[in-house]
Amino acid sequence: MQIKEIITHLERRFPLSLQEDFDNCGVQCGDVCQEATGVMVCFEMSLSIIEEAVSQGANLVISHHPMMLKRGIQKIVPTDRVGEIICKALEHKVVLYAMHTNIDSAEGGGNDAFAQRIGLQHCEVLVPRAGHLRKVVVFVPTSDASRMQDALSEIGCGNLGQYDRCAYSMTGTGTFRPLEGATPFIGQPLTQEEVEETRMEMVFPASLQRKVITTIYQHHPYEEPAFDILRLENASRTEGLGRIGILPDPMPLPVFLTYVKDKMQLSHLRYYGDEGKMVRKVAVCGGGGASFIEVAMAAGADAYVTGDVKYHDFFKAYPNMCVVDIGHYEGEVFIKEIIYKELKEKFPTFAVSIAQSEKLEIHYL
């Protein structure tokens with residue numbers, strides 16, 4: 001099995017189209033066409049992780065955090081942290097791959113796991129993903145409609161939540177007149193034709209647009225197929241950053257804070273809020289979610305649990321909502337388990353492991 005087969009499965013489950021604009025999910029370096037010898041999963045790429053992977057015979061390392069964001073790097077040298085890791089990986093032919101905001105946003109990803117860990121019920125997406133969907137409308141002879149749907153479904157069109165091959169179609173009459181020099185599939189030059197055609201509509205992620213157009217030209221019988229690509233503004237009910245839900249039972253803020261420490265296995269946390277407040281509705285966002293404090297408050301949350309909150313950010317929601325900072329790492333570290341479980345269920349006989357040498361590198365005195 002080639003490494004790219006593993007990556008293809010992960011990207012079907014956690015599409016790269018879900019990543020934020022600033023992000024750089026996917027392959028960081030390496031040859032994905034080589035045979036896979038093992039996978040090591042980690043939170044943050046480091047030199048010790050690469051060395052552990054090599055010692056375990058794994059040539060694919062999957063991390064949550066990417067090493068490079070879209071602002072890019074100007075040079076790769078072994079004298080800085082990122083360059084050292086890349087050089088070591090290339091030396092040992094190890095492919096580095098990152099699953100960051102795509103797995104944060106995906107259904108069953110990091111934020112769903114966060115909400116589950118603190119027992120939230122009736123969860124909804126806090127910041128729904130919008131604007132990343134397109135719809136293709138293609139007109140095809142009815143006799144070829146099923147083949148066209150098969151081809152578009154194969155590349156990822158028509159996936160909605162837990163359903164695939166979703167499409168809408170209706171039949172009608174298409175008219176055209178081939179001009180001199182045309183080589184029509186149906187009809188004769190300079191003679192108007194009428195053909196029973198099917199109008200087929202399917203949604204797809206914006207990242208697939210080029211592939212969708214190529215597929216239409218490859219599988220459509222007409223010399224000049226007719227189709228439209230439409231931008232959709234639909235917000236997803238299952239994909240996006242953060243989650244908001246209800247605790248099984250309301251609890252005073254001090255009790256809630258102790259509850260969060262226990263559920264998230266924390267040694268400490270930071271918070272600001274009215275200690276007399278009862279907490280029932282809770283919003284969460286793994287990693288650094290301070291930019292969504294106002295969103296959580298507008299959604300009616302009694303408490304918002306996230307990481308990387310600056311001093312002045314704590315006061316934005318007072319007195320309506322308590323802001324709780326559990327740390328960036330602490331709100332995402334369990335994503336390693338999601339990736340590990342996904343791979344073990346799909347490839348049960350393949351060597352997959354979670355890095356043992358990894359630990360939180362930020363220390364507190």
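Reply: Two strands pair if DSSP finds at least two bridges between them, and helices (H or I, at least four residues) and strands (E, at least two) are themselves DSSP runs, numbered from the N terminus. The model is a predicted one, in which local features need pLDDT of at least 70 and side-chain atom pairs count only at pLDDT 80 or more, while totals for chains, interfaces and linings use all residues. Residues are numbered from 1 along each chain as its sequence is written, and side-chain values use heavy atoms, with hydrogens and water left out.

Me: What makes S7 and S8 a pair?

Reply: Nine bridges join S7 and S8 in the antiparallel sense, and because the definition asks for at least two, the two strands count as paired. Thr175, for instance, has Glu194 in S8 as its bridge partner.

Me: Why are strand S7 (168-176) and strand S9 (226-232) said to stand at the edges?

Reply: The open sheet of four strands has the order S7-S8-S6-S9, with antiparallel pairing. Strand S7 and strand S9 each have a single partner strand, so one side of each is left without a neighbour in the sheet.

Me: How do you know that S10 and strand S12 (residues 278-288) are paired, and in which sense do they run?

Reply: Six bridges join S10 to S12, and the two run antiparallel; since at least two bridges are required, they are a pair. Ile246 has Lys281 as its bridge partner in S12. Both strands belong to an open sheet of six, ordered S5-S10-S12-S13-S14-S11, whose pairing is mixed.

Me: Why is the pair of Phe114 and Phe334 called edge-to-face?

Reply: Rings of Phe, Tyr and Trp (its six-membered ring) pair if their centres lie within 6.5 Å, and planes under 30 degrees apart count as stacked, over 60 as edge-to-face and the rest as tilted. Here the centres are 6.1 Å apart and the planes stand at 65°, so the pair is edge-to-face. The structure holds seven aromatic pairs.

Me: What makes up the lining of the largest pocket, by class?

Reply: The lining has 19 nonpolar, 13 polar and 12 charged residues, where Ala, Val, Leu, Ile, Met, Phe, Trp, Tyr, Cys and Pro count as nonpolar, Asp, Glu, Lys and Arg as charged, and the others, Gly among them, as polar.
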